[in-house]
Each structure stands twice: as C-alpha cells, then as structure tokens.
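Please open the structure in your viewer and keep the selection tool at hand.

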Amino acid sequence: MKKLQAIRGMNDLLPTDSGLWQYLESTVADVVQSYGYQEMRFPMLEPTELFKRSIGEVTDIVEKEMYTFDDRNGDSVTLRPEGTASCVRACEQHGLLYNQTQRVWYQGPMFRYERPQKGRLRQFHQIGIETFGMSGPDIDAELLLMTARLWRELGIIDAVTLQLNTLGSSAARAAYRDALVAYLSERKDQLDEDSQRRLDSNPLRILDSKDANTQALLNGAPALHDYLDDESREHFDGLKAMLDAAGISYEVNPRLVRGLDYYSKTVFEWVTTKLGAQGTVCAGGRYDGLVEQLGGKPTPAVGFAMGVERLVLLLQELQVLPEGLDRSVDVYVVAMGDVQPQAFALAEQIRNGLPHLRVMSHCGGGNFKKQMKKADASGADVAVILGEDEVAQGQATLKFLREDRPQQTLAVEELLRALQD
Ligand code: ATP
Ligand code: MG
C-alpha cells in the first residue's frame, strides 16, 4: 500500500521542535499582552466572498493562491489566507467596533497555494495584531515599538530592519496610479512578464518587482511621494517623529507596497537578510477603508502579521535560543520491585509540592539498568528511585544524572527540599 503523506507544503510540528514554537509563541503573547492587547480566535474557514471583498479580486492571493471549494451545500468557502479580513468580520459581527477602540491579537494557521520553498509554505502560521478606532500616527508608532521590543526579547533586533512607507489616501494613490501607468505603458516592452500583466490589474505592485530591469526602469518613474495628500504626509511625518523619539531606526522605502489592496497611509515590513529570498518576517500597515468596505461604519484601523516559520528559521539561524528547549523532563521516577502505586503517589507528591518541575514516571517495568537508561535518555537532571526498602522506610533515593555527585537516600520531605534547588 502507498504510504500516506502530508500534503506538500504542509508541515508537521514534531516533539523535538514544539518547545521552540512554544517559546516563540509565549514570548509574543507576553509582549503583546504587556501592551494590553487581548486574544481573539476565529474560524479557519470563511465565506469566499469575505476575502474577495477585502484582499482584492486582482491580487495574487485571490487570483491564484486561495484554497477555495464548495461545501456540501454548494456554498463557496475558503481556508483563510490571512487573518485581518476574518478579524474585521468577527469584530463587526459582534459589535466590537461601535464607538470604541480595540487592540486585539490572534494566531494560527493560514493557507495559500504557493510554490513551497524555504520560508514559504502552503499551510503556514501567523501571529497577527489589529487595532481599530484610532486614526493618528501614535497607534502606528505603538505597533512598531511593540515589535521592536519583541525583537529585543527574542535577541534578533540586530538582524532585522524596519522599512517604512506611506501609500497616501486612496484618491492620492489613484492619481499616482494613473501617472505610473502612463509612464510604464510607454515602456511596456522593457518590463518583466509579471509586471506587464500587473500594468492592467495592479500597477502599484510593479514597484516591488524583483526584476532588475524593471527596477532600473522605475528609477525614472513618477514617485508616489510627489502625489501624497497633506493629511497622509502629516501622518507619516508624525509617525517618523515618534519613532525618532523612541530611538527606533527605519529606512523609508518609497517602493514598499503590500500585496493586499486594503492598505492606505502607513505600510511597513521588518526584513532580514539572513533568510534568503523570503526575508520579510513581519508586515503590515494601516487600512482605514476596510471596515466600511466590508459593510461597517468608517473605522480607522492598523495592524500587522508576523510569519512564525520565518521567525523560527531566524532564531535557529542566529542561534539565539535559550538552553533546554528540547528538554521536557526534569525528574524521572524509577520504580524497583512491586512499588508502582507508591511510585505514582510519590510523583504526584513532587508535582504537588514543586509544580514548576516536569516529572515523568517510568512505565513499562524492566530491570534497574533498563529504567536508568530511560531516565538518562529522558534528559532529566535527576532520577528519583523508589524500591521496596525505600517504601518501608518512607524514603526515596535521589540520583544525579548530569553531575558527579553521590546519590542520597532521603525522607520524602527532604527529597522535596533537595529537588527545589
Ligand atoms: P511575501 O512577500 O513574503 O510573500 P506577503 O506580502 O504575501 O509576504 P503577508 O500576507 O503580509 O505576506 O503576510 C505576513 C507575513 O506572513 C509575511 O511577512 C511572512 O512572514 C508570512 N508569510 C506570508 N506568506 C507565507 C507563506 N506562504 N509561508 C510562510 N510564511 C508566509
Ligand atoms: Mg506573498
């Protein structure tokens, strides 16, 4: 029979790596919650319409990357390719955007039918943050302060740089789009194939084409910054001033545009050179028009998402992981002879008294040598050995597995005290 395999581009997380993922996820959760953000969860499957109306019909995501199918009722549904649309849908549905501000975060798998490669998967994971009801640059700055703190906590601040741009109001962008299309249409034959196609459908995306000829051609093109409306200009200046005051460095990249249609004003990406072509670890921006576009009242909003797989790769690449993430056991309890019930009771006592310790009980019997081999392989620092003699005396033996120290036979009270250090 053919061996069953996971779908291409969809990874399993194995026990050896889950400690690292938990470390990353809990560090992010601690940082964002230290700014008062609350977690939200929403379904992985949504009506296809939600993504078409938010991300945009002519984006790469909607045109060719979505996992879309009809459910048994014939309704078109899509595995979410990103979280912002669902977050807006959920907040709107539950009245969370009415006359109030929101700061929320979420995490989970996203699905895009892309060509799998390093840092690019078909099921990948994002941690996202969205804020609603705040129109000034202060909240944009808060998000960037928060990400900078997170990179410091993770020890990767020196490996990432912040790229910043503003896309202006939708009217400013439309005027710029016309000027850009006029310029590029005259030089269409010099554009790469993708960019030629985008000239009709999504011309702003040409700005971040990876093609060298196209980039050279863009040097003479009209600049978005010359088309900005005053309000967007002031917003951007305000943001830069706050980042300067906070000591957060950034590069203004006038060609930074995002692959989703809903952005306006601020857009940003944190990028690294350590991961090859897939160098964007976190990306986001302002999307003041989206809530209204999805049927709500006009609501200013700004958010971002980070790619968990890429952050994991970066942590590994930079070797900034705390020690012991692959270890899951501190104490291994060995039962010699007919004392399994007492050994379980002792393990429970250790867990009661010292809840921070991870205690594994040997199961499956076997002689002393076999059990000690398991104790060693578990990665535990110490083995607690219980035999019939120990049970009779109300004692247990503490054996050090990683240090050259004599073993000790102790009363249970003393054992707990010894394990505490
Ligand atoms: P890219 O330009 O790298 O394709 P994107 O603009 O499509 O990114 P967003 O939709 O803004 O990405 O998603 C935010 C983050 O999620 C990205 O910066 C990246 O870290 C991560 N990400 C996006 N697509 C994938 C994928 N297919 N596999 C793994 N991570 C991804
Ligand atoms: Mg993409």
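Select strand 3 and strand 4 (residues 76–79): these strands run antiparallel and are joined by 4 bridges. Strands here are DSSP runs of E with at least two residues, helices are runs of H or I with at least four, and both are numbered from the N terminus. Two strands count as paired if DSSP finds at least two bridges between them. Within this pairing, Asp70 stands opposite Ser76 in strand 4.

The model is predicted, so local features need pLDDT of at least 70 and side-chain atom pairs count only at pLDDT 80 or more, while totals for chains, interfaces and linings use all residues. Residues are numbered from 1 along each chain as its sequence is written, chains are lettered from A and ligands numbered from 1 in the order in which they are written, and side-chain values use heavy atoms, with hydrogens and water left out.

The open sheet has 3 strands in the order 2-4-3, with antiparallel pairing. Its edge strands, each pairing on one side only, are strand 2 (45–47) and strand 3 (67–70). On average, neighbouring strands of the sheet are turned by 35° against each other, direction ignored.

Next, select helix 2 (residues 48–55), which lies across strand 2, strand 3 and strand 4 and runs at about 75° to strand 2. Contact means heavy atoms within 4.5 Å. Axes are lines fitted to C-alpha atoms, for helices over the stretch in contact, and angles run from 0 to 180 degrees between N-to-C directions.

The tour turns to salt bridges, in which a side-chain nitrogen of Lys or Arg lies within 4 Å of a carboxyl oxygen of Asp or Glu. The whole structure contains 21 salt bridges.

Select Glu63 and Arg197, whose side chains meet in a salt bridge at 3.7 Å, N to O. This pair links distant parts of the chain, 134 residues apart: Glu63 belongs to helix 3 (residues 60–65) and Arg197 to helix 7 (residues 193–201).

Move on to Asp140 and Arg286, a salt bridge whose closest N and O atoms are 2.6 Å apart. Asp140 is in helix 5 (residues 137–154) and Arg286 in strand 10 (residues 280–286), 146 residues apart. Are these residues buried or exposed? Asp140 counts as buried because its relative accessibility is 2%, and Arg286 is buried at 0%. Buried means under 20% relative accessible area, exposed over 50%, and partly exposed in between (1.4 Å probe, protein chains only).

Finally, select Arg327, Asp330, Arg358 and Asp381, which are linked in a network of salt bridges.
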